[in-house]
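Have a look at the structure first, then read on.

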Amino acid sequence: MADVLAAPQQVKTDGSLRTLAAISVAHWVSHFHLFVLPMLFPFLKEQLGVGYIELGFALTVFAVVSGLTQAPIGYLADHIGARKILLIGLTVGGLALIGLGMHLSYPSLIVSAALLGLANSVYHPADYAILSAHMDEARMGRAFSIHTFAGFLGSAVAPAIVAVLVASVGGLGALIVAGAVGPLVALSLILVGIPDAGADKRRTEDAPTQQANVMTPAIIVLTVFFMLLSLSNAGIGNFGVVALMSGYGVSFSSANIALTAFLGASAAGVLAGGYLADRTRRHGQVAATCFGINAGIVLVVALVNLPPVVLTVAMGAAGFLGGAIAPSRDMLVRNAAPAGAAGRAFGIVSTGFNLGGIVSPLLYGWIMDQNMPHWVFGASVAFMLLTVLLALATDRRPRAASEAPVTGLMHS
């Protein structure tokens with residue numbers, strides 16, 4: 001009898017792992033595609049005869065389109081199904097790069113950047129809606145952490161992959177091959193049979209929740225929370241090397257090693273944070289504690305000229321703590337989302353990332369232009385402290401059982 005009961009349970013477990021793997025691969029693609037154009041800037045500059053300002057404008061277009069479409073895409077994910085939205089996003093992003101590779105011109109670059117921004121807006125609403133609906137409740141934090149780690153991994157390997165592609169098939173070939181990854185992964189997700197999250201069940205089982213108000217005070221605060229996270233991390237990630245070199249006398253190699261420690265430890269912290277998120281319901285307190293300690297470490301970096309080894313250790317610790325809050329961050333959003341509205345909730349709060357991505361280059365660029373490199377880290381500390389306050393403000397008790405999403409392992 002026990003064997004008979006165990007068999008369906010094993011099937012559900014296998015399906016849950018298959019879904020997590022498939023969604024994580026899709027998230028890997030999203031971060032990989034984010035870096036394709038920046039890695040090809042030298043090639044694009046030469047071929048198009050434009051300057052870096054024109055190339056940077058393409059990234060601005062990407063950020064603006066992605067920011068404007070996150071919330072609407074979240075609405076679509078909840079109402080027509082997250083699976084359809086995810087498959088469309090993978091395909092559109094891939095075709096944007098393929099089209100640019102087949103017809104290279106500056107207008108095509110801008111169109112490609114806009115389409116990539118549209119595709120990028122798909123992943124958080126669709127991915128989190130599917131994971132929220134179909135993963136084991138007791139392991140939700142770890143599922144979110146693996147999903148986030150896959151994105152970090154896509155960013156980390158993109159430069160090396162693009163470099164190999166350029167060396168083997170040239171710049172245009174690199175665009176086409178990198179773009180082809182999107183439709184191929186979309187096809188693999190169809191073959192795997194990832195489950196949907198959304199409209200069909202709610203229409204029959206939970207129709208009133210379709211009209212739930214998603215723009216609650218908690219969701220608005222979490223949107224600001226995401227923006228502050230973006231602003232605090234962007235200063236270190238994008239301007240940390242030049243700030244360390246110009247303000248602290250750190251060599252180029254030492255500054256890059258310190259930044260590598262920060263980014264690498266962030267990825268490790270994400271995985272550790274998944275286990276932590278599954279062992280507590282006070283996700284706001286976890287995020288506040290980690291980021292509070294993080295702010296202290298970065299403040300030391302801002303105020304003290306540390307020896308290279310100590311600097312690397314400090315940056316690694318800051319990166320680890322920053323990564324560790326990611327699963328708790330996602331659990332805060334999930335707990336704040338009305339039942340059946342995970343796609344809209346994650347779409348809205350993810351807009352905060354895009355707002356931070358638009359503001360941060362201007363802010364930190366202005367700081368460096370004012371010859372105030374210490375304030376790259378000082379501003380990051382200020383944003384971290386604001387993040388701590390908002391994390392505590394958004395800490396709420398989990399929804400009651402009647403409001404909670406379906407628990408247990410993935411539906412077969």
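**Helix packing and aromatic pairs**

Helices α6 and α11 make a right-handed crossing (right-handed if the near helix is turned clockwise from the far one by less than a right angle, left-handed if anticlockwise). This is a predicted model, in which local features need pLDDT of at least 70 and side-chain atom pairs count only at pLDDT 80 or more, while totals for chains, interfaces and linings use all residues. Residues are numbered from 1 along each chain as its sequence is written, and side-chain values use heavy atoms, with hydrogens and water left out.

**The α6–α11 crossing**

- The axes of α6 (residues 140-192) and α11 (residues 308-336) come within 9 Å and cross at roughly 120°; axes are lines fitted to C-alpha atoms, for helices over the stretch in contact, with angles from 0 to 180 degrees between N-to-C directions.
- The two helices, α6 and α11, are therefore oblique to each other (under 35 degrees is roughly parallel, over 145 roughly antiparallel, 65 to 115 roughly perpendicular and the rest oblique).
- Helices here are DSSP runs (H or I, at least four residues), numbered from the N terminus.
- On the α6 side, Met140, Gly141, Phe144, Ser145 and Thr148 meet a set of α11 residues including Pro327, Asp330 and Arg334; contact means heavy atoms within 4.5 Å.

**Aromatic pairs**

- The whole structure holds eight aromatic pairs (ring centres of Phe, Tyr or Trp, the latter by its six-membered ring, within 6.5 Å; planes under 30 degrees apart are stacked, over 60 edge-to-face and the rest tilted).
- Tyr128 and Phe346 have ring centres 4.2 Å apart and planes at 10°, so they are stacked.
- This pair links distant parts of the chain, with Tyr128 in α5 (residues 106-134) and Phe346 in α12 (residues 342-369), 218 residues apart.
- Tyr128 is buried, at 1% relative accessible area (buried is under 20%, exposed over 50% and partly exposed in between, with a 1.4 Å probe and protein chains only).
- Tyr248 and Phe377 form an edge-to-face pair, because their centres lie 5.9 Å apart with planes at 80°.
- Ring pairs also join Tyr128, Phe144 and Phe346 into a cluster.

**Nonpolar cores**

- The largest nonpolar core has 87 residues, and Phe377 is one of those with the most contacts inside it (a core is a set of buried Ala, Val, Leu, Ile, Met, Phe, Trp, Tyr and Cys residues joined through side-chain atoms within 4.5 Å).
- Helix α8 gives the most to this core, with 13 residues.
- A second, separate core of 26 residues includes Leu40, Phe43, Leu48 and Val61.
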